[in-house]
Structure formats: C-alpha cells, structure tokens
Amino acid sequence: MEVEQQPRQLLYLNPSSPCMRNFPALEHAGWLPCPASSPEEARQLLRRRDFDIGVFHFDKGEDTLKQAGRYQDLLHRRNMEWIALLHRDNVQSPPVREMIADLFTDFHTLPVDLPRMLNTLGHTYGMAQLRSPSGDAATGGAGNEEEMVGCSPVMTQFFRSLRKVAATDATVLILGESGTGKELTARAIHERSPRAGGPMVAINCAAIPASLIQSELFGYEKGAFTGATQAKAGRIESADQGTLFLDEIGDLPMELQVHLLRFLQERQIDRIGGSRSISVDVRVIAATHVDLTRAVAEGRFREDLYHRLNVLALRTPSLRERDEDIGLLGQYYFNQFSGSRRGTLRGFSREAQEAMHRYDWPGNVRELINRVRRAVVMCEGRLIRPDDLGLGGELVEKTVLTLDAARQQAEEAAIRAALRRNAYNLTRSARDLDVSRVTLYRLLEKYAIAVRTPRGEEGSDLPPPDMLA
C-alpha cells in the first residue's frame, strides 16, 4: 500500500495580506503554510519545527529594504530557502533587486498566479533539498543518484520506475539519448538492488576495439594467444555476485553477440583457450542510444539477443521533456563548480536563466554540465550571463517546426515504421501505406531511405534510377 505523502510545510511571513485567500489552494496542492505576523512569532515557529522554505510577503506601502532588515537573522538562516512575494513596482528599484538576489532563491510578483506560484514553490523546495544532507525530493533517494537531479513530473515517475526495477533481479535495458544519464541510472539500480554489496563492473562496448572485446568480456587462459603469459578473468566473471553494465550495447559487433546470447541463456562463460565452462551469477544491465528495433530490422543486431536484453526497459528522459528541472540542474552544478569563487560569483542572471530555458539541449544533461562549468570559469561579473554559457545569439532559440516540416517528419516516420513492420519488403510496405510502389519509390528517394534486403524477395529491389527521376 502506498503511503500518503505528508504536506510540505512552509513559513509564511505577513499573513495579513490578501494572499491569505490562496491558502486553501496551496493546501490542496500539498503545501501547509504556517503564518507569522511578526519576527518574534516567526522565531517561535522555527524553535518548534524545521522549515525548508519560507515565503516573505512584502507590504507595498512600507519600505521594502526596511521590512527585510527586521528579519535579517531569519533570511540568513542556513538550510532554508526564501521566496520574495512583492509588487512589480518594488522590483524596479536597483537596491531592492540586489537585495532579492542576495537573500532570496526566487521571487514572485503580485497578484499571485497560482500555477506560477506552485512552480516557484517546487523549484525553491528542490533547491532546499539539494542543500540538505538527504536530498531525497530532488534526487529520488540516496546512493549514487546525487547527480540525478529533478523534481518535474516526468522525473518523479522515472524515479518511481527506477525503484521498482531495482527491486527485481531481471535484466534491464536502459534506452535514451546521449547525455541523459544512462550510466548513472545503471549505478542507481545497482545501489538499490539486493546485489548492492557486490561489485558493479562496467564496460563500454563502443570504446574497446572489436579484437579485444571477447577477451575483455570472457577472459582468457594462459597461452591462449601470444602475450597471454597468465590467465585473466574477464569482466563478466569479475562481476560475479554483482551487476554487469554493458554500455552502448548497440555497438557490439555481430560476431560477439552470439557469445553474449549464450551467456544470457546459460549463465556460463568460456574463457578464450579454456576447456571448461564457468558459471557466473550476475545481473545484466545494458544501455544504448541506438534504436535497437531498427537495428534488428536492418540486420545489425540479433533479434534473439534483443529480446533477452529487453526484459525490463527503462527510458531516461531527455532534458527537453523536463524543462522544469533546467533551473534546478543549473544551480546544482553551479554549487558544485563555483568552489572558492562562491563569495563573488552569486549565480545566474535572469537573462541566463531565460536562455537556458529557451535552448534545445541536444546534448542533454551532459551538455548542461559542461556549459555551467565553462560559465563558472569565464564569468567576470557577479552573475552568469548568456554569453558565459555560450548561449548567446542564434544558439538560444529552440527549433520551431513549420506545419509543412512537421508533415514531412510524420510522413518519413510512417514510411520507416511500415518498412520495419514488413521486413523492408516494398510491396507489402506500399500496401500498408496505401500508396503505389512507384509513389513509395519516390518517397524513399525524397527522404534518402536506403533499403537493403536480400535479392529475390518480392519488392526488395529498388527500380532503375531512371524510374526515380
């Protein structure tokens, strides 16, 4: 049975304001505001309980800086993040803007817009959790997930699926774009699994020369080949009682896929030059950015191996799918990299934050990490600017598809899907798409789709070039 989540408490200063009418809506969204009308009342609340975040509601009729001055000790409280709630006119004052940048994690201009306020609360709560010892809300739990930061709905669901997958001992296939954290996901699964006390051995199938992969995976006996002066256990054997992580499995050469398939079926390996089989007890986690269903259809990946690996599939979300986490991730890695500069370098300017949200992030989290690291080094002011991130000018704009481009993308995807379904038989694919073979030929040329199927199969050969002219 799933335990009901407790409401998140927040300290709310200046409850006499009209914002009080939003309390029921906040409570319905999982927040429990605890109001205080004076500094002493706020201090009494803080003596009785701990708060991760607070909301400071500034009165428009009183000097903003004087109001903040009465609560200086609270606003500088460690392990607590603050949101400034104030009228838009107040934000125009340079001293007030500087004060907000120094003391507050975020701000919200009145009147209150509930969806925007809830987003601000979630972001600030995530920042508080990052700076706390546990960090559960932002990272999904303890272990090696400290860099898997996110509070967005898609990441919340991802963390939930990860925990379910980790509790089993079945083979896992992690899919996702480059830079989305597939290896971090594999380590998180291992750390949460019953095999956490055993080793986790990782091998990048794309980084090792094809001539060495077999000996790396399966090991060899003394004298198996020139230079084998002593026996050596392979990576699979070294992972006994633990987890074997096969990164970029989609790049494993075909001739080695059959050996890996045999191991997955029998849980036994043969060292090169060996005369006996060795039983190995490991959990296998594989990862790839390659479309394995397409690789199978094109004959680049064994179908039986694909089904052996694809027992539990887990897809790491791209950064485009979790826009709400971009600011949180940026601040998290800024805190990691700023180091001795933290006293002078305060964080991201609003322009930099906007640029980060407008950018498309083709390299995902890995690219964000690199850009933040660069910005910490290159920034010459107190706040990081878009140029420090390398996000000036045309790089910032997300790709916007015209209606015609969207139609063409959908058309190409439908053609490729039909070809895969029909094992690249052109006659059956044209029938599926409800077009003639000649029309299909023209579409194949238009989208530069190469069809490589055995000759002699009906519909397998393209027509002469003159038919496509």
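Here are a few notes on the sheet, the salt bridges and the aromatic contacts.

1. Ground rules. This is a predicted model, with local features needing pLDDT of at least 70 and side-chain atom pairs counting only at pLDDT 80 or more, while totals for chains, interfaces and linings use all residues. Numbering runs from 1 along each chain as its sequence is written, and side-chain values use heavy atoms, leaving out hydrogens and water.

2. The sheet. Five strands make an open sheet with parallel pairing, in the order β2-β1-β3-β4-β5. The edges are β2 (31-36) and β5 (106-110), each with a single partner strand, so one side of each has no neighbour in the sheet. On average, neighbouring strands here are turned by 25 degrees against each other, direction ignored (axes are lines fitted to C-alpha atoms, for helices over the stretch in contact, with angles from 0 to 180 degrees between N-to-C directions). Strands are DSSP runs of E, at least two residues, and helices are runs of H or I, at least four, numbered from the N terminus; two strands pair if DSSP finds at least two bridges between them.

3. β1 and β2. Strand β1 (residues 8-13) runs parallel to β2, and six bridges join them. Arg8, for one, has Trp31 in β2 as its bridge partner.

4. Arg43 meets Glu40 at 4.0 Å, N to O; both sit in helix α2 (residues 39-48), three residues apart, about one turn. Glu412 and Arg416 have their closest N and O atoms 3.1 Å apart, and they are four residues apart in helix α18. Arg416 is buried at 18% relative accessibility, whereas Glu412 is partly exposed at 22% (buried is under 20% relative accessible area, exposed over 50%, partly exposed in between; 1.4 Å probe, protein chains only).

5. A longer link. Arg385 and Glu351 form a salt bridge at 3.3 Å, N to O. Arg385 is in the loop between β16 (383-384) and α18 (403-421) and Glu351 in helix α16 (residues 350-358), so the pair ties together parts 34 residues apart in sequence. Have a look, too, at the salt-bridge network linking Asp169, Arg195 and Asp281.

6. Rings. The whole structure holds nine aromatic pairs (ring centres of Phe, Tyr and Trp, its six-membered ring, within 6.5 Å; planes under 30 degrees apart are stacked, over 60 edge-to-face, the rest tilted). Phe56, Phe58 and Phe104 are linked into a cluster by ring pairs.

Definitions and conventions
A salt bridge is a side-chain nitrogen of Lys or Arg within 4 Å of a carboxyl oxygen of Asp or Glu.
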